[in-house]
Amino acid sequence: MKILISSQSELPIYAQIREQIKEQILNGQIKEGTILPSIRKLAKEVGVSVITTTRAYNDLEKEGFIASMQGKGSIVLSKDNEIMKEKYLMRIEEGVMTAIETAKHIDMDEEEFHRLVSDLWKELRE
């Protein structure tokens, strides 16, 4: 797990940690069932306070990305988790909205857009 803190970011440090872990979970770099580094270990690696990493982990738990297990640490939850599914749906919606806006920009009609999506779906299945 790689976390980079930027002093140029508008996000507070705990939010930078949270968002980077979340992104790594969503894109599959951190797999379900993975036990994350302890709060103390991550704080030391990143060079921040334990309070900062605790807040990031607490937020990730509230959002349904991880669960704290007594004596084992924090574990990445399954993608079957309803909250995780909702996060994936939001990402899909954002991507599709961007694609639709781009398609409209070049005057692509809806039927042509659906055909393109269908062709790409079939291509990925092969």
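Here is a short tour of the fold, its core and a few individual residues.

This is a predicted model. The protein is built from 5 helices and 2 strands, and their order along the sequence is α-α-α-β-β-α-α. Its radius of gyration is 18 Å, well over the 14 Å that the globule rule gives for 126 residues, so the protein is more spread out than a compact globule.

**Overall dimensions and surface**

- If you are setting up a box, the C-alpha atoms fill one of roughly 55 × 35 × 25 Å along the principal axes.
- The accessible surface comes to about 9100 Å², and carbon and sulfur atoms account for 55% of that area.
- Of the 126 residues, 29% are buried.

**The largest nonpolar core**

- In soluble globular proteins, nonpolar side chains tend to be buried together.
- The largest nonpolar core here has 18 residues, and the members touching the most others are I17, I21, I25, L36, L42, F65 and I66.
- Helices α1 (13–26), α2 (39–46) and α3 (50–62) each supply at least two residues of this core, with the largest share, 4 residues, coming from α1.
- L42 is a handy place to start looking: beyond its neighbours within four places in sequence, L42 is in contact with M1, I3, I17, I21, P37, T53 and Y57.

**S74, in a strand**

- S74 sits in strand β2, which covers residues 73–76.
- With a relative accessible area of 7%, S74 falls under the 20% cut-off and therefore counts as buried.
- Setting aside neighbours within four places in sequence, the contacts of S74 are T34, I35, L36, Y57, I66, A67 and S68.
- Two of these partners, L36 and I66, are also listed among the core residues that touch the most other members.

**V50, in a helix**

- V50 belongs to helix α3.
- Its relative accessibility is 33%, which lies between the 20% and 50% cut-offs, so V50 counts as partly exposed.
- Apart from neighbours within four places in sequence, V50 is in contact with I39, R40 and A43.
- V50 and R40 are separated by 10 residues in sequence, while their C-alpha atoms are 5.7 Å apart in space.

Methods
Residues are numbered from 1 along each chain as its sequence is written. This is a predicted model: local features need pLDDT of at least 70, side-chain atom pairs count only at pLDDT 80 or more; totals for chains, interfaces and linings use all residues. Side-chain values use heavy atoms; hydrogens and water are left out. The radius of gyration is taken over C-alpha atoms; the globule rule is 2.2 Å times the number of residues to the power 0.38. Buried means under 20% relative accessible area, exposed over 50%, partly exposed in between (1.4 Å probe, protein chains only). Accessible areas come from the Shrake-Rupley method with a 1.4 Å probe; for residues, only the protein chains shown count as cover. Contact means heavy atoms within 4.5 Å. A nonpolar core is a set of buried Ala, Val, Leu, Ile, Met, Phe, Trp, Tyr and Cys residues joined through side-chain atoms within 4.5 Å.
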